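Subject: Handing over a structure

Dear colleague,

I am passing the structure below to you, and after it you will find an account of what was found. Please read the text with the model open beside you.

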Amino acid sequence: MRTRRATVAPDTDFSPLTDNPGTTRVWDAILHAAADAAAVTNWVDAVQGSILTQATAGAKPTYRTATINSLPSLQFDGGDFLQLANLDLSAFKSASLYLVA
């Protein structure tokens, strides 16, 4: 009996920005201009304009200008979070979530 190996090429044409029109949201720390150590109240999505918010002072993440490979990031201390109001996922049968941390 012979064994055959299948090779699957990665889908290099996939982009979450173009393959799911109308459903993609991108929150990028590079696009969020703030001073180092600033508390983040709002973070605007670069694609749809959706806004993540946090009104409670003690639950706001901190913006850092040069932490990961000298790039900006948001720092969450365990009690911090941002929320998106009015996100209706009922029309979707499945969804994918990509996080880069």
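Which side chain of opposite charge is nearest to Asp 45, which has no salt bridge? Before the answer, a word on the source: this is a predicted model, in which local features need pLDDT of at least 70 and side-chain atom pairs count only at pLDDT 80 or more, while totals for chains, interfaces and linings use all residues. Residues are numbered from 1 along each chain as its sequence is written, and side-chain values use heavy atoms, with hydrogens and water left out.

The nearest such side chain is that of Arg 25, 4.2 Å away from Asp 45, which is buried (under 20% relative accessible area, where exposed is over 50% and partly exposed lies in between, with a 1.4 Å probe and protein chains only). Charge here counts Lys and Arg as positive and Asp and Glu as negative, leaving out His and the chain ends, and a salt bridge is a side-chain nitrogen of Lys or Arg within 4 Å of a carboxyl oxygen of Asp or Glu. Asp 45 sits in the loop between β2 and β3, where its side chain reaches the backbone nitrogen of Val 47 at 3.0 Å and has a polar atom 3.1 Å from the backbone nitrogen of Gly 49. Beyond its neighbours within four places in sequence, Asp 45 is in contact (heavy atoms within 4.5 Å) with Thr 24, Arg 25, Val 26, Trp 27 and Ser 50.

The salt-bridge rule gives a count of one. In that salt bridge Arg 64 is joined to Asp 36, with the closest N and O atoms 3.9 Å apart. The pair links distant parts of the chain, since Arg 64 belongs to strand β4 and Asp 36 to the segment before β1, 28 residues apart. Arg 64 counts as partly exposed because its relative accessibility is 25%, and Asp 36 likewise counts as partly exposed, at 42%.

Turning to the strands, these are DSSP runs (E, at least two residues), numbered from the N terminus, and two of them pair if DSSP finds at least two bridges between them. The hairpin of β4 and β5 has two residues between the strands, and in it Asn 69 takes a positive phi near 50 degrees.

A further open sheet of three strands, again antiparallel, has the order β2-β3-β6, with β2 (42–44) and β6 (83–84) as edge strands that each pair on one side only. Two bridges join β3 (residues 51–53) to β6, and Thr 53 stands opposite Gln 83.

Finally, the largest nonpolar core has seven residues, namely Ala 29, Val 40, Trp 43, Leu 52, Tyr 63, Leu 74 and Leu 82 (such a core is a set of buried Ala, Val, Leu, Ile, Met, Phe, Trp, Tyr and Cys residues joined through side-chain atoms within 4.5 Å). Leu 52, leaving aside its neighbours within four places in sequence, is in contact with residues including Trp 43 and Leu 82.

With best wishes

Note on methods. Helices (H or I, at least four residues) and strands (E, at least two) are DSSP runs, numbered from the N terminus. A polar contact is a pair of N or O atoms within 3.5 Å; within protein, one must be able to donate a hydrogen and the other to accept it, and residues adjacent in sequence count only if both atoms are side-chain atoms.
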